[in-house]
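Biologist: I'd like to learn how to read a protein model. Could you bring one up and take me through some features?

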Amino acid sequence: RLNHALANVRESLRHDIATRYLRDPERSISEIAWLLGYQQTSSFDRAFRRWAGVNPGDARSKFAVAPRS
């Protein structure tokens with residue numbers, strides 16, 4: 001039960017950090033994946049799709065046209 005709660009916190013933090021990093025066009029998606037602890041960019045892509053419903057590249061495109069809040 002505690003392990004499950006900690007895993008949920010870790011995933012939530014990864015999602016928040018990934019979203020922040022994707023707003024920086026200087027960071028590549030592979031760099032973001034590595035910074036978040038993913039050995040494969042494809043693993044990060046799957047996780048991000050699970051969190052946000054879109055792949056990291058599409059999310060980055062949306063961030064580029066959306067005003068920052």
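Biologist: Let's start with charged side chains. How many Å apart are the closest N and O atoms of Arg49 and Asp45?

Modeller: The closest N and O atoms of Arg49 and Asp45 are 2.9 Å apart, and the two form a salt bridge. The rule is a side-chain nitrogen of Lys or Arg within 4 Å of a carboxyl oxygen of Asp or Glu. Keep in mind that this is a predicted model, where local features need pLDDT of at least 70 and side-chain atom pairs count only at pLDDT 80 or more, while totals for chains, interfaces and linings use all residues. Residues are numbered from 1 along each chain as its sequence is written, and side-chain values use heavy atoms, with hydrogens and water left out.

Biologist: Where do Arg49 and Asp45 sit relative to each other?

Modeller: First the general idea: an α-helix has 3.6 residues a turn, so residues three or four places apart point the same way. Arg49 and Asp45 are four residues apart in helix H3, so about one helical turn separates them. (Helices are DSSP runs of H or I, at least four residues, numbered from the N terminus.)

Biologist: How many salt bridges does the structure hold?

Modeller: Six salt bridges. One of them joins Glu11 and Arg50, whose closest N and O atoms are 3.2 Å apart. That pair links distant parts of the chain, with Glu11 in helix H1 and Arg50 in helix H3, 39 residues apart.

Biologist: Which residue does Arg27 meet in a salt bridge?

Modeller: Asp24, at 3.8 Å from N to O. Arg27 is partly exposed, with a relative accessible area of 24%, and so is Asp24, at 27%. Arg27 also lies over the face of Tyr21, at 4.4 Å from the ring centre. A charge sits over a ring if NZ of Lys or CZ of Arg is within 6 Å of the ring centre and within 35 degrees of the ring normal. Arg14 is placed like this over the face of Tyr38, at 4.2 Å from the ring centre.

Biologist: Back to H3. How far apart are its end C-alpha atoms?

Modeller: They're 16 Å apart. Helix H3 has 12 residues, 41-52, so at 1.5 Å a residue it should span 16 Å, and the two values agree. (The expected span is 1.5 Å times one less than the number of residues.)

Biologist: Which residues of H3 are buried?

Modeller: Phe44, Ala47, Phe48 and Trp51. They cover an arc of only 100° around the axis, so they are on the same side of H3; the arc is taken from the directions from the helix axis to the C-beta atoms. The buried residues pack against helices H1 (2-22), H2 (29-35) and H4 (56-65), where contact means heavy atoms within 4.5 Å. The face turned away from that buried side carries exposed Arg46 and Arg50.

Biologist: What happens just after H3?

Modeller: Gly53 takes a positive phi of about 85° there.

Biologist: Now rings. How many aromatic pairs are there?

Modeller: Rings of Phe, Tyr and Trp (its six-membered ring) pair if their centres lie within 6.5 Å; planes under 30 degrees apart are stacked, over 60 edge-to-face, and the rest tilted. By that rule there are three aromatic pairs. Tyr38 and Phe44 have ring centres 5.7 Å apart and planes at 50°, so the pair is tilted. Phe44 and Phe48 have centres 5.9 Å apart and planes at 55°, so that pair is tilted too. Phe44 and Phe48 lie four residues apart in H3, about one turn of the helix.

Biologist: What are the relative accessible areas of Phe44 and Phe48?

Modeller: Phe44 is buried at 0%, and Phe48 is buried at 1%. Tyr38, Phe44, Phe48 and Trp51 form one aromatic cluster.

Key. Helices (H or I, at least four residues) and strands (E, at least two) are DSSP runs, numbered from the N terminus. Buried means under 20% relative accessible area, exposed over 50%, partly exposed in between (1.4 Å probe, protein chains only).
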